Amino acid sequence: AMAFDWRDFLLFAHELRNESVESKRRTSIGRAYYYIYNVALIEAKKLGYNPYSNSHLKGGVHNKLWSWCQSHGDPNVVALGVSGSTLHARRISVDYNQPSAASVQQDVQKQLRDARDFEILLAQIAKKPAPPPLP
């Protein structure tokens with residue numbers, strides 16, 4: 001079987017971005033985040049990241065990954081960690097807080113834009129071509 005393509009989450013997030021039902025727009029923010037988290041995790045492991053051996057890093061698996069990136073020697077990986085934390089915080093906020101519908105709509109646009117910037121930066125780090133633009 002083919003490995004799951006995490007980018008399908010980003011494409012799904014993009015499809016949901018203009019839905020009139022607010023829960024669907026909130027889901028868009030979450031799917032965009034899980035896309036960037038999973039592709040970053042794959043790449044970080046190639047760079048030597050091990051979520052189990054970094055016991056000095058605090059927090060859950062998500063915070064550990066972004067902290068590890070932020071303490072990396074490569075400024076691009078550091079930038080990835082900062083961006084990952086931002087996307088993560090937005091996902092947490094929309095799942096646990098009660099932002100207004102207008103602010104959710106703004107957050108969806110920011111999340112998709114940030115996820116796109118993130119995947120371009122990740123491609124540079126991985127020395128691969130950037131994925132095609134969102135439709």
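Visitor: How do α1 and α2 lie to each other, roughly parallel or roughly antiparallel?
Guide: Roughly antiparallel (over 145 degrees; under 35 is roughly parallel, 65 to 115 roughly perpendicular, the rest oblique). Helix α1 covers residues 7-16, and its axis packs 8 Å from that of α2 at an angle of about 160°. Axes are lines fitted to C-alpha atoms, for helices over the stretch in contact, with angles from 0 to 180 degrees between N-to-C directions. Helices are DSSP runs (H or I, at least four residues), numbered from the N terminus.

Visitor: Before we go on, what kind of model is this?
Guide: A predicted one, where local features need pLDDT of at least 70, side-chain atom pairs need 80 or more, and totals for chains, interfaces and linings use all residues. Numbering starts from 1 along each chain as its sequence is written, and side-chain values use heavy atoms, leaving out hydrogens and water.

Visitor: OK, so at what angle do α4 and α5 pack?
Guide: About 155°, with their axes 10 Å apart; α4 is residues 75-96. That makes α4 and α5 roughly antiparallel, therefore, as well.

Visitor: And how close do the axes of α3 and α4 come?
Guide: Within 6 Å, crossing at roughly 150°; α3 is residues 61-70. So α3 and α4 are roughly antiparallel to each other too.

Visitor: Which residue follows α5?
Guide: That's K127, and its phi is positive, near 55°.

Visitor: Switching topic: what's the volume of the largest pocket?
Guide: About 380 Å³. Y35, V39, L122, K128 and P131 are the closest to its centre, out of 17 lining residues. On a 1 Å grid over the protein atoms alone, a pocket is an open set of points with protein on both sides within 12 Å along at least five of seven lines, and lining residues have an atom within 4 Å of a point. Volume is the space filled by probe spheres set on the points, which are joined across faces, edges and corners.

Visitor: Which element gives the largest share of that pocket's lining?
Guide: α2, with five residues. Both α2 (22-46) and α5 (101-126) supply at least two.

Visitor: And how many of the pocket's lining residues are charged?
Guide: Six are charged, 11 are nonpolar and none is polar. Here Asp, Glu, Lys and Arg are charged; Ala, Val, Leu, Ile, Met, Phe, Trp, Tyr, Cys and Pro are nonpolar; the others, Gly among them, are polar.

Visitor: How many cavities of 30 Å³ or more are there?
Guide: One. The largest cavity has a volume of about 40 Å³ (a cavity is a set of points where a 1.4 Å probe fits but cannot get out).

Visitor: Which residues line the largest cavity?
Guide: A40, E43, A44, L47, C69, V77, L80, L122 and I125. α2, α4 and α5 each give two or more residues to that lining, and α2 gives the most, three.

Visitor: How many residues in that cavity lining are nonpolar?
Guide: Eight, next to one charged residue and no polar ones.
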